[in-house]
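Subject: Structure handover and notes

Hello,

Here is the structure for your files. My notes on what was found in it follow below.

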Amino acid sequence: MATAAIFSSLRRRRSPSLEAFLAPVDLTDVALVQTLVSVSTELVSCFSGKSLFFQRKNSRSLIRRIEVFVVLLEYLRDSGAGSALSSTTVVCFKELYLLLYRSKILLDCCVQSSKLWLLLQNHTISGHFHDLNQEISTLLDVFPLDDVELSEDVREQIDLMQKQSRKATLFIDKDEEDLRVRFFSFLDEFEKGKIPNLVDLRLFFVEGLGIKDAKSFRAETEFLEEQIVNHEGDIEPTASVLNGFVAIACYCRFLLYGFEENEMELQIGNRKMLRKGLISQEIAETFITVPKDFCCPISLDLMRDPVIISTGQTYDRSSISRWMEEGHCTCPKTGQMLMNTRLVPNRALRNLIVQCCTAHGIPYDPPENSDSSVAFAAAMPSKAAIEANRATATLLIHQLARGSQGAKSVAARGIRLLAKTGRENRAFLAESGAIPHLRKLLSSTNSVAQENSVTAILNLSIHDKNKSKIMNEKGCLGSIVEVLRFGLTTEARENAAATLFSLSAVHDYKKRISDEEGAVEALAVLLRAGTRRGKKDAVTALFNLSTHTENCLRMIEAGAVTALVGALGNEGVAEESAGALALIVRQPIGAMALGGEETALAGLVGMMRCGTPKGKENAVAALLELCRSGGTAATEKVLKAPALAGLLRNLLFTGTKRARRKAASLARVFQRSENYSLHFGGVGAGYAFAGNSAPNRESSFANEVPVSVSISVPVL
């Protein structure tokens, strides 16, 4: 833990904190000397034989100084002089203990970091070596040499090191600095819209840095990407500049080493992205939950352009505009009449959404006409990065169109990675014609190619304008469904489900997806028998489809209702399953289907007892809609559910605001039942007490969306 803390601090442009280590306070003088001998000897043996690519002179100089300390410490140990140390000597040796470990972390940094990172951090790392040298000088200045009996040769070595340390200055290798300046010149060329000369790029990367294959290039870019994410803006160069260097390195990888890669390396690369949480933390697991207040009450999707209407409620602009265009004159949430149709941008909320998405790596594409001032400058790609990525996209799409089967698989993975971040990347990849070629690759018999192509389409679909391109591409939707049904890998099937969820964010596409042969059936199968992540992909897609009223019959016929009921007992997907059921049972045919499921009622009641606050909210909403749409028989069945009275009473007092309202409405339904006094004698008092927190008119819920699920599209 201490090593990680200091290594992290080194990468963050700060000298390691002495507090990261605890000096040995409970050792005798002899044990302290022995410990220092062991630490310093191990340090010298580990690094003296290593040839570092950068910081050679600084590292050799530091190791030579540590070797002198080894001579001193071994002499004290062997001569017995270490058995009676003065208090000042002990303090100095404890400081030396810390200094040795700081030296180890710095040398580890030089050995383990990528070449490009070391080059970009050349000044900073050189400064760390100079700081350590200054600390050695200070330590020797205060070290009580007269209190320790040393042989003449040992004393001469210590005196010489002391003099050299005092005279030492900051050293920056000229050749390394020239390379660093050359790297920045490439950034400037891309910034001006000019692609650097191939010969110059080859000389720099191959001859100058010794990066001699595509695998080494991947390692370099992945390391830089990790620095961008792990340091959260506390980095030099800035994240936007580093993004430019990552883009240049990616371009040069394909330019210099082409597209022929080992099949096994591609498979390992895909698995590695999943294990690492999708590099740059782009959605751990599959989805990241965001505050429900950031989601539109109509569409339940993350708001991209929140606006305030005359009642003071906030909605996403596209959803409330569609609501008004359909002729509605009331507020969907409160039922109040609208004073006017003016939409006022809620910039404060949009700022919070942007901050939340940036902090968690959630993809967020603001609308085309949004005020760009709300975006973080650090999150904006530089012009150099955009131009380098455009050049890379040209190479990738050319290979998709004309390359060998192996090259196409590599190119699809390149597009998958390029489309992970940035609306600009997603936009120009689609504009350049990537989607038709990726669609053809979906039917590939090569599992790696199929997985990369469907994931690339998923990442492209996050950009709203690309959704229409994908849906309008002939045969593309059908091919995605085929991968969902018969995909060659688990990841391919799961990513196909996530793609359907992404596409179904557009209301008009929900019916088309549901009508595609086998789509809903395959999602139901994945929900029943998929992996944990697969179930999550499937349930979110089914939830989105269930928000379109015309999909109800299709979902019943395809067995989706049965699958959703079965998922009520699965903690990872129960919340979304209850939400989807609450939407489906709003129609009589849906209520009839749910009533025919033997375990449905027990599952919903069980969620009211043990579920999350949002899960309880969705469960009581589903029961309420079942009573409203299912008639007297359904109401009687719900009324007889064991322990429902106590659970309903608890929700009236402890549930979320929406859950309390739903519980209050359900209590009123039971009050009108003939058998109310028999089964629910105690709920009336509880409802009366909770009446202040719940509206007293059924009409206030007439247009309210009954469920709340916060989900976002994964980037893989």
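A contact, as used in these notes, means heavy atoms within 4.5 Å. Helices (H or I, at least four residues) and strands (E, at least two) are DSSP runs, numbered from the N terminus. This is a predicted model, in which local features need pLDDT of at least 70 and side-chain atom pairs count only at pLDDT 80 or more, while totals for chains, interfaces and linings use all residues. Residues are numbered from 1 along each chain as its sequence is written, and side-chain values use heavy atoms, with hydrogens and water left out.

Overall figures

The protein has 35 helices and 3 strands. Of its 716 residues, 56% count as buried (buried is under 20% relative accessible area, exposed over 50%, partly exposed in between; 1.4 Å probe, protein chains only). The accessible surface comes to about 30300 Å², and 52% of that belongs to carbon and sulfur atoms. Accessible areas come from the Shrake-Rupley method with a 1.4 Å probe, and for residues only the protein chains shown count as cover. Among contacts between residues at least 6 apart in sequence, 74% join residues at least 24 apart.

Helix 21

Helix 21 covers residues 476-486 and is mostly covered, with 8 of its 11 residues buried. The buried ones are Cys 476, Leu 477, Gly 478, Ser 479, Ile 480, Val 481, Val 483 and Leu 484. What do the buried residues of helix 21 pack against? They pack against helix 18 (434-441), helix 19 (447-461), helix 20 (464-472), helix 22 (490-503), helix 23 (507-515) and helix 24 (519-529).

Salt bridges

Side chains of opposite charge can pair when their charged atoms come close. The criterion applied here is a side-chain nitrogen of Lys or Arg within 4 Å of a carboxyl oxygen of Asp or Glu. A search of the whole structure gives 23 salt bridges.

- Glu 494 and Arg 533 form a salt bridge, with the closest N and O atoms 3.1 Å apart. Glu 494 is in helix 22 and Arg 533 in helix 25 (residues 532-546), so this pair ties together parts that are 39 residues apart in sequence. Glu 494 is buried at 3% relative accessible area, and Arg 533 is buried at 11%.
- Asp 305 forms a salt bridge with Arg 317, where the closest N and O atoms are 2.7 Å apart. Asp 305 lies in the loop between helix 12 (263-275) and strand 1 (306-308), and Arg 317 lies in helix 13 (residues 317-325), so the pair ties together parts that are 12 residues apart in sequence. Asp 305 is buried, with a relative accessible area of 8%, whereas Arg 317 is partly exposed at 28%.
- Lys 383 and Glu 387 meet through their side chains in a salt bridge of 3.8 Å, N to O. Both residues lie in helix 15 (residues 383-402), 4 residues apart, about one turn of the helix. Lys 383 is partly exposed, with a relative accessible area of 40%, and Glu 387 is partly exposed at 24%.
- Asp 146, Arg 155 and Asp 159 are linked in a network of salt bridges.

Individual buried residues

Ser 126 is placed in helix 6 (residues 122-142). Is Ser 126 buried or exposed? Ser 126 is buried, with a relative accessible area of 1%. Not counting residues up to four places away in sequence, Ser 126 touches Gln 55, Asn 58, Leu 170, Phe 171 and Ile 172.

Arg 180 belongs to helix 8 (residues 174-191) and is buried, with a relative accessible area of 16%. Leaving aside neighbours within four places in sequence, Arg 180 contacts Leu 119, Leu 120, Asn 122 and His 123.

Arg 102 sits in helix 4 (residues 87-112) and counts as buried at 5% relative accessibility. Arg 102 and His 128 are 26 residues apart in sequence and 9.7 Å apart in space, C-alpha to C-alpha.

Positive patch

Arg 56, Lys 57, Arg 60 and Arg 64 form a positive surface patch. Patches are made of residues with over 30% relative accessible area and no salt bridge, with like charges joined within 9 Å and nonpolar side chains (Val, Leu, Ile, Met, Phe, Trp, Tyr) within 5 Å. Lys and Arg count as positive and Asp and Glu as negative, while His and the chain ends are not counted. The place of a charge is taken as NZ of Lys, CZ of Arg, CG of Asp or CD of Glu. Lys 57 is found in helix 3 (residues 56-79) and is partly exposed, with a relative accessible area of 47%.

Regards
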